[in-house]
Amino acid sequence: MRLPFLFVTRARGSVLRLQLRQFLSPVPALWKPQSSAALRFTSTQLSKEDRSFYITTPIFYVNASPHLGHLYSAVIADCLHRYKVLQGFNSKFATGTDEHGLKIQQAAEAAGKDPLTFCTDVSERFKHLFSSCSISYSDYIRTTQQRHRQAVEHFWSVLQNKGLIYKGSYEGWYSTQDESFLMPSQVGDALDSSGKEIKVSLESGHKVEWMKEENYMFRLSAFRTQLLDWLTGNPQAVQPERFHQAVLQWLQEDLPDLSVSRQRSRLQWGIPVPGDAEQTIYVWLDALVNYLTVAGYPDKHDQWWHVAHHVIGKDILKFHAIYWPAFLLGAGLPLPQVIHVHSHWTVEGRKMSKSLGNVVDPLERSQMFTTDGMRYFLLRQGVPDSDCDYTDDKVIKVLNAELTDSLGGLLNRCTAPALNPAQIYPSFCPQSFPKERGGRAVVEDYHMLDAVKGLPAVVEMHYESLNVYKALEAISACVRQTNGFVQRHTPWKLDTRDSKDQRWLDTIVHVSLECLRIYGTLLQPIVPEISDRLLSRLGVQPNERSWAALNFLPRYGGTDCPFEGRALGSDSGVLFSRLESQKGDKHKPKKAKKSANLK
Ligand code: ME8
């Protein structure tokens, strides 16, 4: 992984081995470690009235166009944001682009553009992707913005005034592609395309170069104990657990001081070190501060900063779970509540990369499979713990099975004029489906009611931990149960001239519509457009779609149902059109036949 520095020298000293670094960076008297109690920032300590929530994605490099992985991080964060809003939170959701650094400087040069024009062009592409995919961010930050520069300069001055930054020099391997320093053990030999021997990062495969220059160092080594205290005192701070363990493991290893600037002669595209025009602030320090900038740092960040949650990919864990908390501790600021880590999407088992030509274009795919289709697929199949392989065929299979057939089929059945000629939310008959057995419902029907009643709590638990795939698994299982309920009782065979049969038919449809209302409400963070169409079709008004309004099947519990007798909303067609696998990768949604699932 990306550990900085091979060797460190003091400004006028000789080269010293890394292991001696602790001696090189004594904590100055100016800086006092925080007590371990101050490091615990669990949600349980927040006041019950505090309904603020702040969620971020990584800010993405603008050296290349967005790919599927970028959209995945944004969709996860968007899901959590929408869920919190449904729960009544005042949620802020930030995303944006990371625009400084050597890699961007070089990419702009290669494109023959001035850096800012280049950054603006690519940043707009990210923005367009996110807007097209219903990413409902409340702030889009670019590190080239003035508000960010002010925040970074202030943050730097705070660290410097606390004696945590000192002038030194380093010598070691640097990967420009990863914008990171590497230890010798992280570097290996490889051949470039012309057969020349080069050194590469063992983790990323990117070329590394030997660097030696004078710059500013951050006293990272002084923070090991506090970082350990934070992680052991907050077992939920880094999720899932395997990534929490990985960070603890890294903290057992060498934790050298970190170079936090580059010579201006090498890197012009970045924020100059305050008071030293010869140095540019290291792109990772610059980039991490974006989370504070959006929160309103340095003047008005309190409301958001103590409820910060970061969504990141596993590739940038060390920057977020070691460097960032150490910077924040140094600056005397609270640490993020949770760092949600996710694994990667691969293609045929390999990392997506331009050189392999296997990059999946998320915009193109969301046009092929629809925005909600792509969102559903990514969250249904993406598992935070382990990498997932992407194929178009998988997308088609999952969406056809779960959105077209299962969910769409259920809606179709319960709203089709054949079963529901009056186009209303029909009445529930307690005699047909009594609390105590003896009506027409059978044991499986009671099991289904139990499952749907308990579903919001299950989904809530999985949304909270960002195991969204588990939430979708649970919803999908319930949808299958409801389809089974309808299938079991074949309501289309009931004799509507018989009043008992009519009441039972109405009850079957009422219960199924109630199930659909729950599914539609719970699915809003995942597939906002589909959920809106589903709930609108059921006649559920916008103010009846919050978490608090879930209240499944009140008539069964003996209380009034506000929907009973209400007219359904207008029919806007199939919920999700079947996707056809076609040669030439044209998976355009096909106009589906609406009656297909009626019986
Ligand atoms: O690292 N699968 O930006 P970046 C899933 N600017 N997610 C993926 C992915 C994949 N194959 N590839 C990338 C940077 N991601 C820095 C971040 S934050 C202060 C600075 C996602 O453009 C994932 O979230 O390289 C990963 O962490 C991020 O994109 C890296 O984006």
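## Largest pocket

A pocket is here an open set of grid points with protein on both sides within 12 Å along at least five of seven lines, and its lining residues are those with an atom within 4 Å of a point. In this predicted model, the largest pocket has a volume of about 1600 Å³, and of the 47 residues that line this pocket, those closest to its centre are His67, Lys103, His206, Lys351 and Met352.

Several elements supply at least two residues each to the lining of the largest pocket: the helices are H2 (68–86), H3 (102–111), H8 (283–288) and H9 (290–295), and the strands are S3 (52–61), S18 (345–347) and S19 (350–351). Strand S3 gives the most to this lining, with 4 residues. By class, the lining of the largest pocket comprises 20 polar, 16 nonpolar and 11 charged residues.

## His70 in helix H2

Helix H2, one of the elements that supply at least two residues to the lining of the largest pocket, also holds His70. With a relative accessible area of 16%, His70 falls under the 20% limit and therefore counts as buried. Leaving aside residues up to four places away in sequence, His70 is in contact with Phe60, Ser65, Phe126 and Phe130.

## Cavities

Across the whole structure, a search finds 3 cavities of 30 Å³ or more, and the largest cavity holds about 70 Å³ of space. The lining of this largest cavity is made up of Tyr376, Glu402, Leu403, Ser406, Leu407, Ile475, Ser476, Val479 and Leu523, with helix H14 (392–415) and helix H16 (468–489) being the elements that give two or more residues to it.

Helix H14 gives the most to the lining of the largest cavity, with 4 residues. Sorted by class, this lining has 6 nonpolar residues, 2 polar residues and 1 charged residue.

## Packing of H13 against H16

Helix H16, which contributes to the lining of the largest cavity, packs with helix H13 (residues 371–381) at an angle of about 105°, the two axes lying 6 Å apart. Because this angle falls in the range of 65 to 115 degrees, H13 is described as roughly perpendicular to H16.

On the H13 side the contact involves Tyr376, Leu379 and Arg380, which meet Val468, Tyr469, Leu472, Glu473 and Ser476 of H16. By class, the residues of this contact between H13 and H16 divide into 5 nonpolar, 1 polar and 2 charged. Tyr376 and Ser476, which take part in the contact of the two helices, are also among the residues that line the largest cavity.

Note on methods. Residues are numbered from 1 along each chain as its sequence is written. This is a predicted model: local features need pLDDT of at least 70, side-chain atom pairs count only at pLDDT 80 or more; totals for chains, interfaces and linings use all residues. Side-chain values use heavy atoms; hydrogens and water are left out. On a 1 Å grid over the protein atoms alone, a cavity is a set of points where a 1.4 Å probe fits but cannot get out, and a pocket is an open set with protein on both sides within 12 Å along at least five of seven lines; lining residues have an atom within 4 Å of a point. Grid points are joined across faces, edges and corners, and a volume is the space filled by probe spheres set on the points. Ala, Val, Leu, Ile, Met, Phe, Trp, Tyr, Cys and Pro count as nonpolar, Asp, Glu, Lys and Arg as charged, and the others, Gly among them, as polar. Buried means under 20% relative accessible area, exposed over 50%, partly exposed in between (1.4 Å probe, protein chains only). Contact means heavy atoms within 4.5 Å. Axes are lines fitted to C-alpha atoms, for helices over the stretch in contact, and angles run from 0 to 180 degrees between N-to-C directions. Angles under 35 degrees count as roughly parallel, over 145 as roughly antiparallel, 65 to 115 as roughly perpendicular and the rest as oblique.
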